[in-house]
Amino acid sequence: MFDIVIRGGVIHRGDGEAPVEADIAIKDGVIVQIGNDLGPAGRVIDATGQIVTPGFIDIHTHYDGQASWDPELRPSIDHGVTTAVMGNCGVGFAPVREGDRETLIKLMEGVEDIPGTALYEGLTWEWESFPDYLDALEKMPRTIDIAAMVPHDPLRVYVMGERAVFSEPANENDISEMRRLTREALEAGAIGFATGRSDVHKTADGDWTPSSEATRDELTGIARAFAGLDFGVVQAVSDFNLERGEQDFDEEWQIVADYAKASGRPFSFSLMQRDFAPEQWVKLTKLSEELKQEGVDARMQVAPRAIGVFLGFNCTFHPFMGYPSYKTIADLPLAERVAKMKTPEFKAQILSEKTDKVSGPGSSVPPLADLLLEHIELVAEKFFQLGDPPDYEQPPENSLASKARAKGVSIYEMIYDTLLERDGQELIYLPLYNYTELNYDNVLKMMEHPQALYGLSDGGAHVGTVCDASMPTYMITHWTRDRKRGRRLDLPRVIRMLTGAQADYLGMRDRGYIREGMRADLNVIDVAALQLEPPYMKQDLPAGGQRLLQGARGYTATIVAGDVVMEEGQLTGAKPGRLYRAGRAQAIAAE
């Protein structure tokens, strides 16, 4: 008898080919038979009129801290993700000496907007080395599988100590030790190595991240840790010194390219359209094509929608946080702040003021925030209320700036009144990147590129401003069904982007496809009913920390290793998820 049979579903196998209608039999966590009229099972899931897909694989998350205390890994589990890769952008929590724990917390707090108080209370710190970290992660059962990359920042701090945080170049001994530790981590099961080189990323104290100014010698020296290995990937995030001017672009690209070449392994970097250099993504695409011609398996991680942020009185950032009057009430509970702000006197006072700077020494807020505040009238042309169901691709006439003109009020008053809606819990959506032309035509071009990978969800990060772990659901709903402002994608292609293409890039041979003998990581989805819900703030992190969450309707079942972990939007309590150890997993799959 089978453990589970999924009957009557339309199977998308993860290969991008046309789907087929068939039944799927699961036994001992594995897909054992695909066909019709299969035998009896302990449980039958009726998938008539629905699709069955491989479990989604998210290659760009930041659950590095959360994974040590949280077995649920929301919000990714709510959106069909069955495997999440963390350690991206070079930030993480291993290796670490006891005296450097605070440094790493401030890094994660600043770069990925995860409350430091939650990290201080939640992190278990059962490790020093990266192999120790993997062992600690392996002890906890979870709803989904996780895999971890070696992050550059903690590695640099571990080897160089205080010299790492003052942009000091690594010497030959430093590089040799970082390479040795990276190799040790890879042999213990790390799935790759990641570095961060963005000017936007700052620590909670407003300092540069340790890896942001790493030299070519350092990056290529570490990358040679992959020599002789047939597994592992390398990742980088860089804005190519955009905020300092484009004169350094070519040199920065060459450093990143040399890092990729030195590894000899598949490589990916973040790609998006930025308003400050709207054609840079085109140039990066061409350079990526050239890098591939040179023999590098070069990929571009692209998002299926804008890289946007939410502004609100309960969020990390909102347009009035730098106003003198607001600062006098900033520490009050939301209800008290809202009551004060609704008084005509307070409103008149704050609207008569100018904002102070919110970035600078001691602040993790990037200079970009002050630039946005300085040009709020222009930026507000991209301020939107998402609505229910959420609409992430809205026309310019829906912007708050347009509504303010129609209403005959200042944009400041329009923003003020909007943020006070729903008792001060209203959110304003700002599509920061990927929305220069106020549509997703360029996003479509990125996604259709043969070297594109679905990525950049940042699951577990930017919890006070972003909830992009919902992107897999958006990929299906918006791009195959709901888009009205341009061309769509076909469903088999989108499912492949979320599954088989991810597994191929990562070298995961046991998942990503619906085939006999593969791991039973599956989604049963009612596509007609599939719908994102509006994001909302929830106070459920350690130490009372809050985060944005976003649910979805239409997932009939999510199955991990043969166990149903989500059913009709509710967790079942099953926790079959484990740590995926690269190298070891590949060897088992090859047997």
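Contact here means heavy atoms within 4.5 Å, and the legends below describe close-up views of a predicted model.

View 1. Leaving aside neighbours within four places in sequence, Ser399 is in contact with Ala380, Glu381, Lys382, Phe383 and Phe384. The side chain of Ser399 also reaches the backbone oxygen of Pro396, at 3.0 Å. Because its relative accessible area is 0%, Ser399 is buried, the cut-off for that class being under 20%. Pro492, by contrast, lies 93 residues from Ser399 in sequence and 33 Å from Ser399 in space, C-alpha to C-alpha.

**View 2. Strand β13 (residues 307-311) and its partner β14 (residues 428-433).** The two strands run antiparallel and are joined by 5 bridges, among them one in which Ile307 of β13 has Tyr433 of β14 as its partner. Ile307, Val309 and Leu311 point one way from β13, whereas Gly308 and Phe310 point the other way, and residues on both sides are buried. Since 5 of the 5 residues of β13 are buried, this strand is largely enclosed by the rest of the structure.

**View 3. The salt bridge between Arg581 and Glu138.** The closest N and O atoms of this pair are 3.0 Å apart. With a relative accessibility of 7%, Arg581 counts as buried, while Glu138, at 38%, counts as partly exposed. The whole structure holds 39 salt bridges, and two further pairs are described in the next views.

**View 4. The salt bridge between Arg496 and Asp504.** The side chains of these residues meet at 3.0 Å, N to O. Arg496 is partly exposed, with a relative accessible area of 24%, and Asp504 likewise counts as partly exposed, at 41% relative accessibility.

**View 5. The salt bridge between Glu533 and Arg553.** Here the side chains meet at 3.5 Å, N to O. Glu533 belongs to the loop between β17 (531-532) and β18 (536-538), and Arg553 to strand β20 (residues 552-553), so the pair ties together parts that are 20 residues apart in sequence. Glu533 counts as partly exposed at 26% relative accessibility, as does Arg553 at 42%. Elsewhere, salt bridges that share partners join Asp145, Asp510, Arg511, Arg519 and Asp521 into one network.

Methods
Residues are numbered from 1 along each chain as its sequence is written. This is a predicted model: local features need pLDDT of at least 70, side-chain atom pairs count only at pLDDT 80 or more; totals for chains, interfaces and linings use all residues. Side-chain values use heavy atoms; hydrogens and water are left out. Buried means under 20% relative accessible area, exposed over 50%, partly exposed in between (1.4 Å probe, protein chains only). Helices (H or I, at least four residues) and strands (E, at least two) are DSSP runs, numbered from the N terminus. Two strands pair if DSSP finds at least two bridges between them. A polar contact is a pair of N or O atoms within 3.5 Å; within protein, one must be able to donate a hydrogen and the other to accept it, and residues adjacent in sequence count only if both atoms are side-chain atoms. A salt bridge is a side-chain nitrogen of Lys or Arg within 4 Å of a carboxyl oxygen of Asp or Glu.
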